Amino acid sequence: MEKAEFRRNADDMIYLTICAIKGIVPEQKRIEKLDLPELFEVCQSHILTACVAYALESAGIKDNAFTQAKEKAIRKNILLDAERGNITKRLEAEHIWYMPLKGALLKDWYPKLGMRQMSDNDILFDLSRRDKVKEIMKELGFHLKTEQKAVDEYVREPIYNFEMHGELFMEKHVGALADQYKDIKRLLLKDDNNSYGYHFSNEEFYLFMLAHEHKHFTLGGTGVRSIADTYVFLNKFSGKLDWEYINAKLKALGIADFEYNNRMLAEKVFSMEQLSDDEKELLDFYVTSGTYGTMENRVKYGIEHSGNGTKSTYIRKRLFPPLSVLRVSVPWVRKSRLLIPAAYIFRLFRALTSSRKAVSSELNQLKKKQ
């Protein structure tokens, strides 16, 4: 799809997302001009298909692709909730503290079931009990797909995907945020209805949500759904947040400007107000990034930051990252420094085999950067 067509359909997606979340029936004159196949493609790239399906149905349009996506989202939300209950029940039995993260809770604050689509569930847990958690997940039929420094991804057919986090941020992503979220349990509140479950205060939930989005925003970009998340959260807790506390923590986290710009954009977009030129540019960044960012943004950020502004430094660090990063991407190197040369070779071999498309995309972006 051409960029102009993508942006045009993204405008329709944003309008319909607003309608769905605010309970507004879309205008007929706007609905008549929709290109549903192209709209579907754009919605899929931002994981807003189910949300838009609700808006279309309110206007009397029931498209098969959108309807199936909505029904799948509803089913997946229900199944993930049930399976998360099975996992936390086992964690309780083994006296392991835990806390469901972000989307698992945020989805319930959207107006209708399935409106906030879920690709997986994230659970924070006591990292010192990692081996026991691995046993639990295996007993529940899960396969360990990936293992990093402090996060394990488990999958089970047909749709179950759980990421078990021992830490909220890894150093290879954003050192400053990783520092602020060390010793995370000091920030948590005990649940009332169980023995080992915890939760964030509303203020800390918002702060973590923003910090998480900031990580994606800076490393490769993030999509329109993050704007919707911000609006839904702020609408849910309007007038109930301690902004003095939030602002102090935002400053400490180094994301005060990001939060302000994100909040103002969310409020204006969902109020359908006229955006300033800077706000239009920011919204376009969200639109063109998709849910998980783009390689163009990742390379640009990498050259500016880890590459100190030069392609050669960026390439060298990508091929031979510092030991702190190597230990995350190749966990077995932590056994001995003698394994470092083998780890670099393994990392390169893995990239050229299992990640060929991503490597090709990154190389193409580097060729464009003169």
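Axes here are lines fitted to C-alpha atoms, for helices over the stretch in contact, and angles run from 0 to 180 degrees between N-to-C directions. The model is predicted.

**Stop 1: α1 and α10**

Select residues 3-22, helix α1, and residues 224-236, helix α10. Their axes come within 12 Å and cross at roughly 25 degrees. Angles under 35 degrees count as roughly parallel, and α1 and α10 are therefore roughly parallel to each other. The crossing of α1 past α10 is right-handed.

Now show side chains. On α1, pick Met 13, Ile 14, Thr 17, Ile 21 and Lys 22. On α10, pick Val 224, Ala 228, Tyr 231 and Val 232. These residues make the contact. Colour them by class: seven are nonpolar, one is polar and one is charged.

**Stop 2: α9 and α11**

Move to helix α9, residues 202-219, and helix α11, residues 243-253. Here the axes come within 10 Å and cross at roughly 30 degrees. That angle makes α9 roughly parallel to α11. This crossing of α9 and α11 is right-handed.

Which residues of α9 meet α11? Select Glu 203, Glu 204, Tyr 206 and Leu 207. Their partners in α11 are Trp 243, Tyr 245, Ile 246, Lys 249, Leu 250 and Leu 253. The contact of α9 with α11 holds seven nonpolar residues, no polar ones and three charged ones.

**Stop 3: the cavity**

How many cavities of 30 Å³ or more does a search of the whole structure find? The search gives one. About 40 Å³ of space lies in the largest cavity.

Select its lining: Met 99, Pro 100, Leu 101, Lys 102, Leu 105, Phe 200, Phe 205 and Phe 208. Strand β1 (98-100) and α9 are the elements that give two or more residues to this lining. By class, the lining has seven nonpolar residues, no polar ones and one charged one.

**Stop 4: two backbone details**

Most residues other than glycine have a negative phi, and most peptide bonds are trans. Two spots are worth a look against that background.

Go to Glu 157 and Pro 158. A cis peptide bond joins them, with omega about 5 degrees. Pro 158 sits in the loop between β4 (151-156) and β5 (160-165).

Finish at Asp 183. What is the phi of Asp 183? The value is near 50 degrees, positive in a residue other than glycine. Look for Asp 183 in the loop between α8 (175-180) and β6 (189-190).

Notes: Residues are numbered from 1 along each chain as its sequence is written. This is a predicted model: local features need pLDDT of at least 70, side-chain atom pairs count only at pLDDT 80 or more; totals for chains, interfaces and linings use all residues. Side-chain values use heavy atoms; hydrogens and water are left out. Helices (H or I, at least four residues) and strands (E, at least two) are DSSP runs, numbered from the N terminus. Angles under 35 degrees count as roughly parallel, over 145 as roughly antiparallel, 65 to 115 as roughly perpendicular and the rest as oblique. A crossing is left-handed if the near helix is turned anticlockwise from the far one by less than a right angle, and right-handed if clockwise. Contact means heavy atoms within 4.5 Å. Ala, Val, Leu, Ile, Met, Phe, Trp, Tyr, Cys and Pro count as nonpolar, Asp, Glu, Lys and Arg as charged, and the others, Gly among them, as polar. On a 1 Å grid over the protein atoms alone, a cavity is a set of points where a 1.4 Å probe fits but cannot get out, and a pocket is an open set with protein on both sides within 12 Å along at least five of seven lines; lining residues have an atom within 4 Å of a point. Grid points are joined across faces, edges and corners, and a volume is the space filled by probe spheres set on the points.
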